[in-house]
Amino acid sequence: MKRSFRVALLATAATAFLAGAAFADDLVTKDRVGPADAPKTLTLRITGDGPYSNEQAWADGYTKLYSDFIQRHPGWQIKMESMSQNIGQEQARMLEQAKSGNGPDCGSVDSFQLALFMNAKVLQPLNDYFTKEEIADLFPFVRDGITGPDGNIYAWWWDTDLRVLYRNKEIVADAPNTWDELKAAALASKEKGMEGLLVNGGRWEGTTFDWLANFWAQGGELVDASGKPIFAEGENRTKFLKAVNYFKDLVDSGAAPKRIATIVNYDDFNAAAAAGTTALFIGGNWQLGQLKSALEPEEFAKWTFSPIPGPTADQKSTGTGGWTFAAFSKDPEKIAMCAAVIKEIYSGEGNALQQQLPTSKAQFAKFDVFKSEANQAFAAALVNGRARPGVPIYPEISNQIQVMMGDVLAGTKTPEAALDAANAAVQAAYARL
């Protein structure tokens, strides 16, 4: 190829690329996707997972996904609405707007709030847009979470997370499978200069959510089918106290340091791992990438993870969260457009872009990023996933568990007295609902 022709060809390609980029920029503006004069409009309310993400690579990736999407759907424009970082307040506001008929056509709903929206009957069924095979392939806790009492699915849960036990293989060679094995491993790590097992124990949601795995692993239930708190009744009381006493024993025996009663941030575990002061902690799947970034390669290679140990080897659970999309509009065309956004932008492509764990086995197999040994292990652990109950009383239950844990770990109340106090406060709050 002659140089002059090659230069001309490159110039043409560059011009085409720049024109394409400019076209994409035109289609994805600050608050709109698609032509401003498009006759059909969908209002879409999202979190930071979109073209306006603070993570530039994600923002660029979503800009392309949205640009390609809107070109496949001529005649449409999407009016974008962004939620603030105050997710609890945003979800409450969207629910009230939806009740009064002023909600968005389509929007992001926090998975553990989804039942509140379904109970308020503000969501539209999405069954027609997902095959039976796609629904059947969802992890059980996901399928259960999006399915209403009438058997319809009222949202699509597109990403999730989970908690696991991280360990430094150089100090704790074998994965503990039971509570007793974890306690023994933590005590053995102290003999090698570590501070033992680190878990969340302070006043925040992470303490409740991470500890609940120990209650759920025994089959414990926080509420009944009507949403009434039952965690302090009958067999649930026995299982609840067993899980509280497990944490108390970890501290009393020295397997966990007393300072866990003040830990209110997963970042503390990363810092301890980087400082070489702990060999064991209960953390989120997202922390694997954080450890990889924070540690030197030879130090990161020492770390691995395994399922959270249960009272017995076959009793395991892990808390799972994540985000859903749901349709609020009753317009069939807008419901279909909402489903298209979910299927063509978020479920699959969005997971791969952000490396957010998918909610079905098929997607773990479809995208290369999820075929890694680590992500396959996360997928296996999700089989034991358990979501928080989406009932109005859950926030107070969580609040009282945090208070209870502080009292027990500090030794100011016995587990029985702390449970009774927590239950009294929760029942009083439930009566006021």
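The torsion about the S-S bond of cysteine 106 and cysteine 338 is about 60 degrees, so this disulfide (a pair of cysteine sulfur atoms within 2.5 Å) is right-handed. Cysteine 106 lies in strand β4 (residues 106–110) and cysteine 338 in helix α13 (residues 332–354), so the bond ties together parts that are 232 residues apart in sequence. The model is predicted: local features need pLDDT of at least 70, side-chain atom pairs count only at pLDDT 80 or more, and totals for chains, interfaces and linings use all residues. Residues are numbered from 1 along each chain as its sequence is written, and side-chain values use heavy atoms, with hydrogens and water left out.

**Disulfide**
- The count comes to one disulfide.
- Cysteine 106 and cysteine 338 are joined with an S to S distance of 2.1 Å.
- Both cysteine 106 and cysteine 338 are buried. Buried means under 20% relative accessible area, exposed over 50%, and partly exposed in between (1.4 Å probe, protein chains only).
- Helices (H or I, at least four residues) and strands (E, at least two) are DSSP runs, numbered from the N terminus.

**Aromatic rings**
- The structure holds 26 aromatic pairs. Rings of Phe, Tyr and Trp (its six-membered ring) pair if their centres lie within 6.5 Å.
- One cluster linked by ring pairs includes Tyr166, Trp204, Tyr266, Phe269 and Phe281. Trp286, Trp303, Phe305 and Phe378 belong to this cluster too.

**Arginine 388**
- Arginine 388 lies over the face of phenylalanine 112, at 4.2 Å from the ring centre.
- The charged end of arginine 388 also sits over the ring of phenylalanine 209, 3.9 Å from its centre.
- A charge sits over a ring if NZ of Lys or CZ of Arg is within 6 Å of the ring centre and within 35 degrees of the ring normal.

**Second largest pocket**
- The second largest pocket holds about 710 Å³ of space. A pocket is an open set of points on a 1 Å grid, where a 1.4 Å probe fits, with protein on both sides within 12 Å along at least five of seven lines; lining residues have an atom within 4 Å of a point.
- Its lining has 29 residues, and the closest to the centre are Ala115, Arg388, Pro389, Gly390 and Val391.
- Helix α4 (114–119) and α6 (140–146) each give two or more residues to this lining. α4 gives the most, with four residues.

**Asparagine 245**
- Asparagine 245 is found in helix α9 (residues 234–252).
- Asparagine 245 is partly exposed, with a relative accessible area of 32%.
- The C-alpha atoms of asparagine 245 and threonine 414 are separated by 9.3 Å, though 169 residues apart along the chain.

Technical notes: Rings of Phe, Tyr and Trp (its six-membered ring) pair if their centres lie within 6.5 Å; planes under 30 degrees apart count as stacked, over 60 as edge-to-face and the rest as tilted. Grid points are joined across faces, edges and corners, and a volume is the space filled by probe spheres set on the points.
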